[in-house]
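Here is a friendly tour of charged pairs and contacts. Please have the view open as you read.

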Amino acid sequence: MKESGATPKSENEIILESISDGVFTVDHNWRIMTFNRAAEEITGTKREEAVGRYCWEVFRSNMCEGDCALKRTMKEGKSFVSSSAYIINNRQKRIPISVSTSPLKNEKGEVLGGVETFRDHSLVEELRRELTGSYQIEDMISRSKAMKKIFNILYQVAESDSTVLIEGETGTGKELMASAVHNLSFRKDEPFFAVNCGALPDTLLESELFGYKAGAFTSADKDKPGIFAASGRGTVFLDEIGDTSAAFQVRLLRVLEEKEFQPLGSVEKVKTEARIIAATNRDLEEMVQSGEFRRDLFYRINIIRFKLPCLKERMEDIPLLIERFIKKMNRFKGRSVSGVSKDAMAVLLSHDYPGNIRELENIIEHGFVLCPEGELGLPHLPAYLLEKRIAKPRHHSSIGELVRVTEEEKISEALKNNKYNRSAAAKELGIHKSTLFRKLKKYNISLPGVDGRSGHV
Amino acid sequence: MKIAITVWGNRISPVFDSAQTLLVAEVRETEVINRQIELFQAGVFSRFIELLAELEVQVLICGALSDEPAAMLAANEIEVIPFVTGKAEAVLSLYVRGMDLADFTMPGCPRNRCCGTNHCPARENRTRK
């Protein structure tokens, strides 16, 4: 049936063309009879090409082969509303959709075929992802408040070109953060060098960073430029700066103050325009107090300071990070692991992660060795996590129970910390002594005869 | 050489991503000398690629294919002819004889447009060399 441009469209046709839901009808042989504008847009197939073709050739949904809603409608003569599915459009993209189907009847009630309406849910899916509240900058992802604060100022810090100090326990992502600062700065097209200062002895570290001249030492048979020279206007990331010697600290201070360095064995100074980002897993302020770290260098690098929280302090990120690692490893290893089972997730959420994000990533990688596809379950987790679970067979199903157990643990801990001095323990917990006594009774926490005040039985 | 086609009954499965049956044809010159049917789990692409490797399949003819499995197949150097529709035997017969598959291209991926892949039948010379 050909459409004539001269023939005015009926009201129904105008409505069908105006709505944003895709609509098509099929005859008893599954051939498409009508195909509206939105259907063209969502599938990427023009009406002229679609009409007369089998619906599965045009619609290309994961339902077509096994669970066709239209087939059920035609068979049972009933409407079906909002089945979730996806189609593959002509640009090879999976489009999430919801589908409703009804029998197509004429005025006499005779079934002429079926009608299918479908709605593009791409935007809904996108919004759903937004609503999960995750924040992402470069390769870092988080939904924790602490990380959000960092992300909020990261762009400004990156553009500022100032020296940055990143503090955080091992495995918290200090290098990722340094790399993000570099990639967001105007230096992004220049080199980024990461050096672990703690891993190298002084002389080797200096020759790596500053380079050397031929004859500077026995095996130096030719000049070797160091990282500062090679980085040009890029970024040099000095990890574990708290583990460097006093002598090295002096040399580094000179680089920061004078923007120049001296290769080993050279009498001439070389200018550098590299930006320095330093990181440490130690408390530099404390080290300054104890004389282990130069105060002047500390003030030089402590212009902008980030403190990355350990994973224990951002437990809400664990599911998000697990999802990220699974996606990454699926991509690199060509696997199709779909996620983590509920039991395994419970174990992962109850672990303390002394190795932080790196430890979590290693746990997931361990799972990938044992589980090529499907869900990572308890048998795929490292034994040490499961042993801990057996040793602590607690399962706190509700928030109330979790709060109760945590409170009980905190009170016991505070009492031990203060040698069972009730007043001191109450002070540490930030509660009144009478509240502490009430809670001791509530949780039936028995106290030894020792009282921290007297120190005797 | 071996050619695989994801099938749905006697037709090419409309969507590769949800297909579950594979027709594997062994071809010598322009003749199909052997056929076998293999079942596989839909959506587990790594296992599917392993299956193709086990069966020593070089060419895959399939229906609509999304970019994720397309990338995995490309990474494993499997020649893919996607967005093909129609009766599997008819397509196989044409392909082994080096004939044009243009008439079996899905709507929305015609001669002058492309589904975006390097293996798009619309972009490539559809005649097997």
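D67(B) and K93(A) form a salt bridge, with 2.4 Å between their closest N and O atoms. A salt bridge here is a side-chain nitrogen of Lys or Arg within 4 Å of a carboxyl oxygen of Asp or Glu. Side chains of opposite charge can pair when their charged atoms come close. Across the interface of chain B and chain A, the rule finds 2 salt bridges. On the side of chain B that touches chain A, the elements giving two or more residues are β1 (2-8), α1 (45-54) and α2 (67-75) of chain B; helices (H or I, at least four residues) and strands (E, at least two) are DSSP runs, numbered from the N terminus.

This is a predicted model, in which local features need pLDDT of at least 70, side-chain atom pairs count only at pLDDT 80 or more, and totals for chains, interfaces and linings use all residues. Residues are numbered from 1 along each chain as its sequence is written, chains are lettered from A and ligands numbered from 1 in the order in which they are written, and side-chain values use heavy atoms, with hydrogens and water left out.

How many residues of chain B are in contact with chain A? There are 34 residues of chain B in contact with 26 residues of chain A, where contact means heavy atoms within 4.5 Å. About 2500 Å² is buried between the two chains, and carbon and sulfur atoms give 47% of this area. Buried area is the accessible area (1.4 Å probe) that two parts lose on being put together, summed over both.

Over all chains, a search of the whole structure finds 28 salt bridges.

| Pair | N to O distance |
|---|---|
| E208(A) and K224(A) | 3.8 Å |
| D243(A) and R282(A) | 3.0 Å |
| E323(A) and K327(A) | 3.9 Å |

E208(A) lies in helix α9 (residues 202-210) and K224(A) in strand β11 (residues 224-225) of chain A, so their pair ties together parts 16 residues apart in sequence.

E323(A) and K327(A) share helix α14 (residues 318-333) of chain A, where they are 4 residues apart, about one turn of the helix. Is K327(A) buried or exposed? K327(A) is exposed, at 52% relative accessible area, while E323(A) is partly exposed at 45%. Buried means under 20% relative accessible area, exposed over 50%, and partly exposed in between (1.4 Å probe, protein chains only).
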